[in-house]
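Please look at the sequence and the structure below, then read on.

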Amino acid sequence: MHTIERLERLKDVAERAGYTVRQEWLGGVAGGACQFAGRKWIFLDLSLSVIEQLEQMADALQNDPAVAALSVAGSSRKQAPLRRAA
């Protein structure tokens, strides 16, 4: 899978976990996850390379329990048909 596809998948995961993802030109100064006004945000710095943006997104999502819950739910769905067939 290409880096851009991975970044798009992580954006989708972030949005399903309740984040609003903004892509802004931040000049390499800032970016990442924050929360304000009762909403979760991820700011991706467009001045960074796609690989660095991917790392920024992964770092932002790494410790979020909502993302972990999505991962567990996705794993269960994948395994459920195997259990029923056995």
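**Two helices in contact**

In this predicted model, helix α1, made of residues 3–16, and helix α2, made of residues 50–61, have axes that come within 9 Å of each other and cross at roughly 25°. Angles under 35 degrees count as roughly parallel, and α1 and α2 are therefore roughly parallel to each other. The crossing in which α1 passes α2 is left-handed. On the α1 side, the contact is made by T3, I4, R6, L7, L10, K11, V13 and A14. On the α2 side, V50, I51, Q53, L54, M57, A58 and L61 take part.

**The chain as a whole**

The chain holds 3 helices and 3 strands. Read from the N terminus, the order of these elements is α-β-β-β-α-α. Of its 86 residues, 26% count as buried. Among the contacts in the chain with a separation of 6 or more, 38% join residues 24 or more positions apart.

**Two single residues**

Which residue other than glycine has a positive phi, near 55°? It is A37, placed in the loop between β2 (32–36) and β3 (39–45). A37 is exposed, and its relative accessible area is 72%.

E15 belongs to helix α1. With a relative accessibility of 47%, E15 counts as partly exposed. The C-alpha atoms of E15 and I42 lie 9.6 Å apart, while 27 residues separate the two along the chain.

The table sets the accessibility of these two residues side by side.

| Residue | Relative accessibility and class |
|---|---|
| A37 | 72%, exposed |
| E15 | 47%, partly exposed |

**Confidence in the model**

How high is the mean pLDDT of the chain? The mean is 84, and 83% of the residues of the chain reach 70 or more. Over residues 76–86, however, the pLDDT is below 50. Where pLDDT is low, predicted coordinates should not be read in detail.

Definitions and conventions: Residues are numbered from 1 along each chain as its sequence is written. This is a predicted model: local features need pLDDT of at least 70, side-chain atom pairs count only at pLDDT 80 or more; totals for chains, interfaces and linings use all residues. Side-chain values use heavy atoms; hydrogens and water are left out. pLDDT is the predictor's confidence in each residue, from 0 to 100. Contact means heavy atoms within 4.5 Å. Helices (H or I, at least four residues) and strands (E, at least two) are DSSP runs, numbered from the N terminus. Buried means under 20% relative accessible area, exposed over 50%, partly exposed in between (1.4 Å probe, protein chains only). Axes are lines fitted to C-alpha atoms, for helices over the stretch in contact, and angles run from 0 to 180 degrees between N-to-C directions. Angles under 35 degrees count as roughly parallel, over 145 as roughly antiparallel, 65 to 115 as roughly perpendicular and the rest as oblique. A crossing is left-handed if the near helix is turned anticlockwise from the far one by less than a right angle, and right-handed if clockwise.
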